[in-house]
Amino acid sequence: STISVVHCFCFRGGAELLFDGVKKHQVTLPCQPEPWDIRNLLKWIKQNLLKERPELFMQGESVRPGILVLINEADWELMGELDYKLQDQDNVLFISTLHGG
Amino acid sequence: DRPCPRSHPRTCMKCGQGTAALVIRVGDPFCRPCFREYFVHKFRAMLGKNRVIFPGEKVLLAVSGGPASSAMIRQVQEGLSREAAKRLRFVPGLVYVEEGAVRRQSPEQREQTLAQMETLLQATGFPYYLIHLEEALELPPSILQPGPERSGPSGRSGPSYKEAVDSFIQQQRQDGDSGTSVPGHSSQDTPAGPPATPRLPDAAQTQELLRGFEAAGTATAREELLQMLRTHLIVQTARARGYAKVMTGESLTRVAVKLLTNLSLGRGAFLAVDTGFTDQRHGDVMVVRPMRDYTAKEIAFYNHFFSVPTVVVPPLFTKRREKPSIHQLVERFLVGLQEEFPST
């Protein structure tokens, strides 16, 4: 569809260090013909938000192993992972579990 | 909508009712309350099954501000506050080693980290000790010798675990246990009152420490050096303050990394002590790893759902264009493996 949607991304566990230390981002994703699923969202994040060392956040088209993804406070494994279609006001949280002691 | 190929059913497999919040292991969806129970139960079962922490015993929790050791603090708090029959029965203290010198932190950043950690530690109400890694420069050579094995709290040949529990319960009955949450501290521990603001070490000491680390030729050697110094500082604190037990927050992921790393480093002979639940190489101080059955994912979810405070610090410094340490490579390998083959 062509509705623009607002999302909130949060980065925790050290993941925020890759995003200028900013933990919370509230964004309006631009309208586009392709659906806004997590796959496309990650592409967008890589292009627009990721300030350094993309390989520490992403691997291929997905997140790097060790990065957890929560969609509206639930494990993305329950929601279809990369195929999950974003809804308006969805909240996506990325938690890094690397370097955790 | 076509069904998502990689999604799991959304009902909790334990209670069959709640909406699943996360997937544990291979395809086990849990709702939040069932997950909490699972997590808390695992900790108590670990301690109960292994039977090495005696009632009333002083246990030093080594914490880093990281997710696993922070979750460990929370489990100890939860465990101590239960109704008397099932309550955890030891007396905790906390130790934190400040490592900002080797983590590329400026003095201001180090002060900030210290302040955050101190707030976290103070909130527990347990006695705590803050040490700087620089203090490792002052460790006596005797730290390398295992201390004499303690013969048990009574000083004679130690009671068995069961005997210790029984006599403790009897004592409690005599004393009229009021069932209050936090056991009293012995007089030698400093209670967590308003402490002096911790000061950073002399710049000269910091320089000396850094020189030592820079002299370590590879990232691997540096990582090993850090772990060794940290461990020795913790053991020294335990000895100095009368703790015979130390709990560390190594998670399953971390333990697995250590296992493979040590194999790569030629330390296969030490596998059992390095990765087991208990580690008695220091003789009089036993290291216990109650978090070793938790995956990094479980810990991260628990901390998020139940607001466990953590303090993030930057990783150990690396030189430009240096190859990653064996530890990092192993971590990368294992974490990737976990993704693709979660049953491994």
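This is a predicted model: local features need pLDDT of at least 70, side-chain atom pairs count only at pLDDT 80 or more; totals for chains, interfaces and linings use all residues.
Reader: In chain B, what share of the contacts between residues at least 6 apart in sequence join residues at least 24 apart?

Author: Residues are numbered from 1 along each chain as its sequence is written, with chains lettered from A and ligands numbered from 1 in the order written. A contact means heavy atoms within 4.5 Å. Counted that way, the share in chain B is 76%.

Reader: Which strand of chain A has the lowest confidence?

Author: Chain A averages a pLDDT of 80, and 82% of its residues score at least 70. Over residues 1-6 of chain A the pLDDT is below 50, though this stretch has 17 contacts in the model beyond near neighbours in sequence. Strands here are DSSP runs (E, at least two residues; helices are H or I, at least four), numbered from the N terminus, and the lowest mean, 60, belongs to residues 5-12, strand β1 of chain A.

Reader: Which are the edge strands of the open sheet in chain B?

Author: Two strands pair if DSSP finds at least two bridges between them. The sheet has six strands with mixed pairing, in the order β5-β4-β3-β6-β8-β7. Pairing on one side only are 128-132 and 278-279 of chain B, that is, β5 and β7.

Reader: Is B:Gly249 buried or exposed?

Author: B:Gly249 lies in the loop between β6 and α7 (252-264) of chain B, and its C-alpha atom is 7.9 Å from that of B:Ser70, 179 residues away along the chain. Buried means under 20% relative accessible area, exposed over 50%, and partly exposed in between (1.4 Å probe, protein chains only). At 9%, B:Gly249 is therefore buried.

Reader: At what angle do helices α5 and α6 of chain B pack?

Author: B:Leu209, B:Gly212 and B:Phe213 in α5(B) meet residues of α6(B), among them B:Arg222 and B:Leu225. Axes are lines fitted to C-alpha atoms over the stretch in contact, and angles run from 0 to 180 degrees between N-to-C directions. The axes of α5 (203-215) and α6 (219-241) of chain B are 8 Å apart, at an angle of about 135 degrees.

Technical notes
Side-chain values use heavy atoms; hydrogens and water are left out. pLDDT is the predictor's confidence in each residue, from 0 to 100.
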